[in-house]
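Student: Could we go through this model together, a few questions at a time?
Tutor: Gladly, here it is.

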Amino acid sequence: MKKAIYPGSFDPLTLGHLDIIRRSAKIMDELVVGVLHNSAKNSLFSIDERVSMIEEMTKDIPNVSVASFDGLLVNYMKTIDATIIIRGLRAVTDFEYELQIAQTNHVENPEVETIFLTTSLQYSYLSSTIVKEFASYGGDLTKFVPPEFIDRIYEKYQIERNGF
Ligand code: ADP
């Protein structure tokens with residue numbers, strides 16, 4: 001049984017994240033999308049909002065579930081009996097940080113392996129930070145996030161959608 005976790009902040013889930021979820025669900029028997037509860041980060045959406053938004057977008061994929069966690073990822077993985085971590089790589093800039101984390105996790109628990117999926121070309125520039133930046137200035141989000149999320153993101157900034 002190959003059980004993997006795809007951890008992240010997902011604040012909010014983007015089309016880039018969704019692409020990684022769909023692709024890794026094809027490789028794994030079971031995939032848990034793990035939403036990190038990080039009190040140090042000022043998040044736009046609450047942890048419950050993020051979990052339910054991801055559930056809404058993945059309900060058609062039978063082997064995907066969504067959960068929130070805090071603390072060390074490797075510790076959480078033990079509790080759900082997962083040994084594989086999925087991460088997405090966009091640009092060289094992601095690489096150094098991701099390598100460090102992957103190696104640290106492997107030292108913490110040698111059973112744990114990290115698998116990197118390279119981003120699909122059309123999402124290589126995309127991050128939750130960019131989505132928030134764009135939204136705060138009233139930008140068109142249709143190429144960045146699922147259409148269902150656009151109004152919810154705008155609501156957070158208390159601005160109206162304009163012309164798209
Ligand atoms: P974190 O706060 O852990 O970086 P994110 O929610 O930003 O969490 O991202 C979670 C994972 O998804 C990371 O592995 C990140 O590299 C990957 N990711 C984010 N955006 C994209 C994208 N557009 N294409 C592929 N992978 C992505």
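This is a predicted model: local features need pLDDT of at least 70, side-chain atom pairs count only at pLDDT 80 or more; totals for chains, interfaces and linings use all residues.

Tutor: Residues are numbered from 1 along each chain as its sequence is written, and side-chain values use heavy atoms, with hydrogens and water left out.

Student: Is Ser9 buried, partly exposed or exposed?
Tutor: Buried means under 20% relative accessible area and exposed over 50%, with partly exposed in between (1.4 Å probe, protein chains only). Because its relative accessibility is 24%, Ser9 counts as partly exposed.

Student: Which residues does Ser9 touch, leaving out those up to four places away in sequence?
Tutor: Contact means heavy atoms within 4.5 Å. By that criterion, the partners of Ser9 are Val35, Lys41 and Arg50.

Student: What is the strand order in the open sheet?
Tutor: Strands here are DSSP runs (E, at least two residues) and helices are runs of H or I of at least four, both numbered from the N terminus. Two strands pair if DSSP finds at least two bridges between them. The 5 strands pair in parallel, and their order is 3-2-1-4-5.

Student: At what angle does helix 2 run to strand 3?
Tutor: Axes are lines fitted to C-alpha atoms, for helices over the stretch in contact, and angles run from 0 to 180 degrees between N-to-C directions. Helix 2 (residues 47–58) lies across strand 2 and strand 3, and its angle to strand 3 is about 175°.
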